[in-house]
Amino acid sequence: SAQDAAAGEKVFVVCKACHQIGEGAKNGVGPALNGLIGRNAGSVPGYSYSAANKGSGLTWDEATFREYIKDPKAKIPGTKMIYPGLKDEQRTSDLIAFLKQFDAD
Ligand code: HEM
């Protein structure tokens with residue numbers, strides 16, 4: 001199914017409680033998410049990750065991100081991200097389209 005970045009921006013509203021993205025995005029409760037798809041987990045400079053996230057050995061490709069966001073604690077046991085999971089596949093596709101708009105700084 002198609003990916004709709006505008007719909008994904010609406011999905012991202014809940015993420016914005018803890019994450020910034022876009023020009024000038026800073027780390028907050030969670031790490032900034034610019035350039036997410038394609039980079040290694042736990043690699044944002046200056047952000048204090050849990051050992052679980054930092055040492056997960058994951059790369060955030062689309063498939064891995066999809067599994068993670070569906071059930072974060074299942075994919076990374078011990079993560080400090082408090083988020084129950086996004087179960088809807090279309091909304092996840094839209095979210096990925098939104099995230100891909102923002103390259104690494
Ligand atoms: C970590 C995405 C919602 C807090 C992460 C990571 C991703 C992510 C991909 C790993 C980043 C990395 O390895 O560099 C998202 C998305 C969300 C969301 C797409 C919405 C669907 C939230 C919310 C909170 C939160 C609502 C706070 C209540 C955190 C924290 C971490 C994190 C604290 C660091 C985890 C650790 O070091 O164990 N998030 N997140 N996130 N997120 Fe989220």
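A: Contact here means heavy atoms within 4.5 Å, and helices (H or I, at least four residues) are DSSP runs numbered from the N terminus. This is a predicted model, where local features need pLDDT of at least 70, side-chain atom pairs count only at pLDDT 80 or more, and totals for chains, interfaces and linings use all residues. Residues are numbered from 1 along each chain as its sequence is written, and side-chain values use heavy atoms, with hydrogens and water left out.

Q: What covers the buried residues of α5?
A: The cover includes α1 (5-11) and α3 (62-70). Eight of the 11 residues of α5 (residues 89-99) are buried (under 20% relative accessible area, with exposed over 50% and partly exposed in between, for a 1.4 Å probe and protein chains only), so the helix is largely enclosed by the rest of the structure.

Q: Which are the buried ones in α5?
A: They are T92, S93, D94, L95, I96, A97, F98 and L99.

Q: Now the rings: how many aromatic pairs are there?
A: A search of the whole structure finds four, counting rings of Phe, Tyr and Trp (its six-membered ring) with centres within 6.5 Å, where planes under 30 degrees apart are stacked, over 60 edge-to-face and the rest tilted. One of them is the edge-to-face pair of F98 and F102, at 5.1 Å centre to centre and 70 degrees between the planes.

Q: Are F98 and F102 buried or partly exposed?
A: F98 counts as buried because its relative accessibility is 5%, whereas F102, at 23%, counts as partly exposed. Ring pairs also link F12, F98 and F102 into a cluster.

Definitions and conventions. Helix = DSSP H or I, 4+ residues; strand = E, 2+ residues; numbered from the N terminus.
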